[in-house]
Amino acid sequence: MQNDQQEKAEIDWGRDGLPVSKRFGEGYFSDASGLAEAEHVYLAGNGLPRRFRPGFQVGELGFGAGLNMLTTWRAWRESGQKTQLGFTSFEAFAMTSEDMERALAPFKPLAAIAREFLVAWQPGAEHLRLDGLDLSVVWGDARAMLPLIEDQFDAWFLDGFSPAKNPTPSFGRATCWERSRATPAKAVHSPHIPLPDTSADHFQRSVLRWTAAPVLGESGI
Ligand SMILES: C[S@@+](CC[C@H](N)C(=O)[O-])C[C@H]1O[C@@H](n2cnc3c(N)ncnc32)[C@H](O)[C@@H]1O
């Protein structure tokens, strides 16, 4: 449930109808192919659905509109898994349900599962259990929250905004890519978590961002 401690996401809508964060001046998805991007970068990039197994846990930085979560949950169900997918996402700025619905509307293949999620979702909720999904959202600045989480994850989706586009004073010039990097950096380098075998370029840029190293250029999908 949304509480006074939670900051709300302020959204502008681009000409393409996709959400842009007023605070960060950056789009939530690269463009209308956001679903293809989620499948390519985060699923294929993490060897999914091939690596799915009972008890699989995904960690994500930046819950946003939940596009990556829905894409993963749908893939989990389609892969025939009978247990719950664990999906834990870190987010500082909660989108309203209306904004989420509007943001997700262009992604027609997700329409049914998005509806299933949105009717059950309360903005600011910390946990939601649905058919095949155990969702946890850790609210607050990921840099502060990450060190408090001891869970082990089988895959990380590093989907914060670019540090270069983050002039927000309360976040310094940093986003969730920077600092508090120990957990995901350790996780992605853990021998138990294979580095993604596709999209290596994008993924390594993400990891580099976590280590606050300069990242040049943009990666496509
Ligand atoms: C690119 S969007 C994420 C899109 C999302 N993964 C999806 O599938 O809809 C980046 C998200 O990171 C969040 N964010 C940025 N800096 C953060 C921080 N320091 N801590 C937590 N969340 C942060 C933003 O509020 C935004 O929702």
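Okay, let's start in the middle: the largest nonpolar core here has 48 residues. By nonpolar core I mean buried Ala, Val, Leu, Ile, Met, Phe, Trp, Tyr and Cys residues joined through C-beta atoms within 7 Å. Buried means 20 or more other C-beta atoms within 10 Å of a residue's own, with C-beta atoms placed from the backbone. Among the residues with the most contacts inside this core are Ala 65, Trp 73 and Phe 87. Several elements give it two or more residues, including helix H2 (67-78) and strand S6 (85-91). Helices (H or I, at least four residues) and strands (E, at least two) are DSSP runs, numbered from the N terminus.

Quick caution: this is a predicted model, where local features need pLDDT of at least 70 and side-chain atom pairs count only at pLDDT 80 or more, while totals for chains, interfaces and linings use all residues. Residues are numbered from 1 along each chain as its sequence is written.

So what does Ala 65 touch? Leaving out residues up to four places away in sequence, Ala 65 touches Pro 19, Tyr 28, Met 95, Met 100, Ala 103 and Leu 104. Contact means C-beta atoms within 7 Å.

Now the ligand. It is surrounded by 22 residues, and Gly 62 and Ala 142 are among the closest; the cut-off is a C-beta atom within 6 Å. H2, S6 and helix H5 (142-145) each supply at least two of the shell residues.

Last, there's an open sheet of 3 strands, ordered S2-S3-S4, with antiparallel pairing. Pairing takes at least two DSSP bridges. S3 (residues 19-21) and S4 are joined by 2 bridges, and Ser 21 has Glu 26 in S4 as its bridge partner.

How values were computed
Buried ≥ 20, exposed ≤ 12 C-beta atoms within 10 Å, placed from the backbone. Contact = placed C-beta atoms within 7 Å.
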